[in-house]
Amino acid sequence: MVKRKTAILIRKSHRYLGIFLGLQFLMWTISGLYFSWTNIDEIHGDQFKKEVKPVVHNDLLGLDIVASGLKVTSLELRTIADQPYYWINDSVLMDAKSGIVKPKISKEEALKVASAYMLESLEVASVDLITEVGKHHEYRERPLPAYVISYNHPENIKAYVSAVDGTFQRVRHRSWRWFDFLWMTHTMDYEGRDNFNTIVLRAFSLLGLVTVLSGFVLWYVSSPTIRKVLKK
């Protein structure tokens with residue numbers, strides 16, 4: 001049978017590991033509950049968006065004209081504020097009718113792009129241009145500069161439109177922000193959220209395993225039933 005000093009050491013190790021890891025275990029449980037009880041489409045903000053209707057364009061510039069001054073490796077037709085544009089080589093925005101290169105879209109155009117995606121019942125509060133964001137910003141790792149369209153709504157809704165290529169990027173709202181925070185605590189990636197290979201996560205996972213195993217060992221060394229079996 002395990003000596004008394006060894007049993008006390010196991011008990012203390014289990015207790016202090018539980019105290020040290022308890023908060024993170026709690027956050028894992030809370031975040032897991034939140035993820036399982038929420039609809040991912042609603043987290044993405046689909047309830048604030050409407051179906052986008054395709055726009056038909058006529059009298060567009062031919063590829064021979066477009067390619068006359070550029071070496072085209074990729075080309076995409078886009079509609080920005082009801083007007084056709086070519087997005088060329090993932091870097092150049094050109095008016096598909098006049099051939100004029102557009103450095104970036106205007107606030108008015110960004111608002112029209114957002115209105116094509118967002119529900120008409122939403123009231124616009126402001127339109128602002130952002131040129132940089134921090135690591136924890138809700139628009140991180142997306143094209144910049146960009147316009148952020150804020151709406152008067154209890155969920156503090158914001159829509160983001162790229163100023164470079166005129167594409168509608170993301171919808172952000174309060175539920176998404178809670179999801180993002182809890183996802184950070186779940187993955188323990190406090191920089192980019194999606195890295196499951198951080199040293200902190202690995203360390204806590206191993207310590208969690210040790211805690212569980214020490215609990216089984218503690219039960220084994222302190223169980224009267226086990227003692228009776230061993231004596232026989």
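## Lining of the largest pocket

In this predicted model, the lining of the largest pocket comprises eleven charged, seven nonpolar and three polar residues. These make up a lining of 21 residues. Arg140, Arg170, Arg172, Trp176 and Asp194 are the lining residues that lie nearest the pocket's centre. The volume of the largest pocket is about 470 Å³.

Three elements, α2 (40–43), β7 (168–172) and α5, each give two or more residues to the lining of the largest pocket. Strand β7 provides the largest share, with five residues.

## The second largest pocket

The second largest pocket holds about 400 Å³ of space. Its lining consists of 19 residues, and those nearest the centre are Val52, Lys53, Thr79, Ala116 and Tyr117. By class, eight of the lining residues are nonpolar, seven are charged and four are polar.

At least two lining residues of the second largest pocket come from each of β1 (75–80) and α4 (107–117). The largest share, five residues, is supplied by α4.

## Thr185 in helix α5

Helix α5, one of the elements that contribute to the lining of the largest pocket, spans residues 174–187 and includes Thr185. Thr185 has a relative accessibility of 7% and therefore counts as buried, the cut-off for this class being under 20%.

Apart from residues up to four places away in sequence, Thr185 touches Gln24, Met27, Trp28 and Ser31.

Definitions and conventions: Residues are numbered from 1 along each chain as its sequence is written. This is a predicted model: local features need pLDDT of at least 70, side-chain atom pairs count only at pLDDT 80 or more; totals for chains, interfaces and linings use all residues. Side-chain values use heavy atoms; hydrogens and water are left out. Helices (H or I, at least four residues) and strands (E, at least two) are DSSP runs, numbered from the N terminus. Buried means under 20% relative accessible area, exposed over 50%, partly exposed in between (1.4 Å probe, protein chains only). Contact means heavy atoms within 4.5 Å. On a 1 Å grid over the protein atoms alone, a cavity is a set of points where a 1.4 Å probe fits but cannot get out, and a pocket is an open set with protein on both sides within 12 Å along at least five of seven lines; lining residues have an atom within 4 Å of a point. Grid points are joined across faces, edges and corners, and a volume is the space filled by probe spheres set on the points. Ala, Val, Leu, Ile, Met, Phe, Trp, Tyr, Cys and Pro count as nonpolar, Asp, Glu, Lys and Arg as charged, and the others, Gly among them, as polar.
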